[in-house]
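The structure is shown first.

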Amino acid sequence: MTADSPDFGLQTFTLMAWAQPTDTPPSGFVYGFIEKYTQWRLGIAANGAAICQVESSDGTVANGVGATLATDGTWSFVACTYDGADICVYVNPTADSVPD
């Protein structure tokens, strides 16, 4: 068993969730489907887009933004991958945000 830790020090990871949004957050905010406060978040942005955010130890936040999610209660599969440098966002499972 691993002891509870506020920071697992993840350098690469994949986040996945089934989401059924019925609205979007106010401008400047993100509703998180799954998140670890001040480390990572997979959710929906104010414009309705799927978003993945990764925060570094210095407070810098990197964003990956995917397709707009339906907010009529339709289920969507949302995922993001982070390889330590690039964030890719997937919606139903199309790659919507890929590194250059």
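## Accessibility and the salt bridge

A residue is called buried under 20% relative accessible area, exposed over 50%, and partly exposed in between. Because Glu 35 has 39% relative accessibility, it counts as partly exposed. Arg 41 is also partly exposed, with a relative accessible area of 22%. The model discussed here is predicted.

The side chains of Glu 35 and Arg 41 form a salt bridge, with 3.1 Å from N to O. A search of the whole structure finds one salt bridge. Side chains of opposite charge can pair when their charged atoms come close.

## The four-stranded sheet

Four strands form an open sheet in the order β2-β3-β4-β5, and their pairing is antiparallel. At the edges are β2 (30-36) and β5 (61-68), each of which pairs on one side only. On average, neighbouring strands of this sheet are turned by 20° against each other, direction ignored.

Within the sheet, β3 (residues 40-45) and β4 (residues 49-55) run antiparallel and are joined by five bridges. Arg 41 has Gln 53 of β4 opposite it.

## Strand β6 and its partners

Strand β6 (residues 76-82) has five buried residues out of seven, so the rest of the structure largely encloses it. One partner of β6 is β1 (residues 13-19); the two run antiparallel and are joined by seven bridges. In this pairing, Phe 13 stands opposite Tyr 82 of β6.

β6 also pairs with β7 (residues 87-91), in the antiparallel sense and over five bridges. Here the bridge partner of Cys 80 is Val 89 in β7. The hairpin of β6 and β7 has four residues between the strands, and Gly 84 takes a positive phi near 100° in it.

## Cysteines

Which residue is joined to Cys 52 by a disulfide? The partner is Cys 80, with an S to S distance of 2.2 Å. This pair links distant parts of the chain, since Cys 52 lies in strand β4 and Cys 80 in strand β6, 28 residues apart. The count comes to one disulfide. A disulfide is a covalent bond between the sulfur atoms of two cysteines. Both ends are buried: Cys 52 has 0% relative accessibility, and Cys 80 has a relative accessible area of 0%.

Cys 88 is buried, with a relative accessible area of 11%.

Technical notes
Residues are numbered from 1 along each chain as its sequence is written. This is a predicted model: local features need pLDDT of at least 70, side-chain atom pairs count only at pLDDT 80 or more; totals for chains, interfaces and linings use all residues. Side-chain values use heavy atoms; hydrogens and water are left out. Two strands pair if DSSP finds at least two bridges between them. Axes are lines fitted to C-alpha atoms, for helices over the stretch in contact, and angles run from 0 to 180 degrees between N-to-C directions. A salt bridge is a side-chain nitrogen of Lys or Arg within 4 Å of a carboxyl oxygen of Asp or Glu. Buried means under 20% relative accessible area, exposed over 50%, partly exposed in between (1.4 Å probe, protein chains only). A disulfide is a pair of cysteine sulfur atoms within 2.5 Å.
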